[in-house]
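Take a look at the model below. The paragraphs after it lead you from the whole chain down to single residues.

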Amino acid sequence: LATILNQVLEARAAILGLQVEFAERGFDATSVRAVARRAGVDPGLVRHYFGTKGDLFVALNELPGLPGEFLGPLFDAGLDGVGRRIVALFFALWDAPDGRQKIRALIAAASSRELEGAGLAEFIAAEVTDAIAPRLTGPQPHLRAELIAANVVGLALARYVLQLEPLASASEE
């Protein structure tokens, strides 16, 4: 039993070390099967521990969850004030004890030409924009959802990576 447990833990660690697959191929082109092949494990094992490709990306990047899970409820109270609720949510995540370090690392990886964005741009398009667009009214909801995502990423870059003042030290309010 101890041997089997060690093998499972080693396989899980190997899978978690595979951000390179997303970095090289991007989010869209990366498959659970490709991640499993690179880790030397069965694709069923990847699905067992991580679920979908989005869930795997979340785990690899230590994100709090799939964006649709926490963005969707922000729209339940209507569109009035949703921008403020989105910013408050992300500040709560990023200002958490290890949140600043995680967002800096993620934005830095996305900004790196060598890593080709570590799949972040495609992840945002597939998971964030697609979670927001159906909840918007009016023309061009997908474009407007991308603008929301771009503003949130820009805010993270300015506040946590570039540490532009007075934004970096401003209170959430």
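Begin with a word used throughout: buried means under 20% relative accessible area, exposed means over 50%, and partly exposed lies in between (1.4 Å probe, protein chains only). This is a predicted model, where local features need pLDDT of at least 70, side-chain atom pairs count only at pLDDT 80 or more, and totals for chains, interfaces and linings use all residues. Residues are numbered from 1 along each chain as its sequence is written, and side-chain values use heavy atoms, with hydrogens and water left out.

Start with the whole chain. It has ten helices and zero strands. Both kinds of element are DSSP runs, numbered from the N terminus: helices are H or I with at least four residues, strands are E with at least two. Of the 173 residues in the protein chain, 37% are buried. The chain exposes about 9,700 Å², and carbon and sulfur atoms supply 57% of that area. The areas come from the Shrake-Rupley method with a 1.4 Å probe; for residues, only the protein chains shown count as cover. Now consider contacts, meaning heavy atoms within 4.5 Å. Among contacts in the protein chain with a separation of 6 or more, 57% join residues 24 or more positions apart.

Next, look at a pair of helices. Helix α3 covers residues 32-39, and helix α4 covers residues 43-50. Their axes come within 8 Å and cross at roughly 110°. Axes here are lines fitted to C-alpha atoms, for helices over the stretch in contact, and angles run from 0 to 180 degrees between N-to-C directions. Angles of 65 to 115 degrees count as roughly perpendicular, and α3 and α4 are therefore roughly perpendicular to each other. On the α3 side, Val32, Arg33 and Ala36 make the contact; on the α4 side, Pro43, Val46 and Arg47 do.

Move on to helix α5, residues 53-60. Its buried residues are Gly54, Leu56, Phe57, Val58 and Leu60. Thr52 caps the N-terminal end of α5, with a side-chain oxygen 3.0 Å from the backbone nitrogen of Asp55. Just after α5, Glu62 takes a positive phi of about 55°.

Which helix holds Arg159? Arg159 is found in helix α10, residues 141-161. Its relative accessibility is 3%, so Arg159 counts as buried. The side chain of Arg159 makes a polar contact with the side chain of Asp95, at 3.4 Å. A polar contact is a pair of N or O atoms within 3.5 Å; within protein, one must be able to donate a hydrogen and the other to accept it, and residues adjacent in sequence count only if both atoms are side-chain atoms. A polar atom of the Arg159 side chain also lies 2.9 Å from the backbone oxygen of Leu167. Leaving aside neighbours within four places in sequence, Arg159 is in contact with Phe91, Asp95, Arg100, Leu167, Ala168 and Ala170.

Finally, turn to the backbone around α10. Most residues other than glycine have a negative phi, and most peptide bonds are trans. Gln140 sits in the loop between α9 (120-132) and α10. Its phi is positive, near 50°. Gln140 is exposed, with a relative accessible area of 53%. Gln163 lies in the segment after α10. Phi of Gln163 is also positive, near 50°. At 40% relative accessibility, Gln163 counts as partly exposed. Pro166 has its place in the segment after α10. A cis peptide bond joins Glu165 and Pro166, with omega about 10°.

Terms used. Angles under 35 degrees count as roughly parallel, over 145 as roughly antiparallel, 65 to 115 as roughly perpendicular and the rest as oblique.
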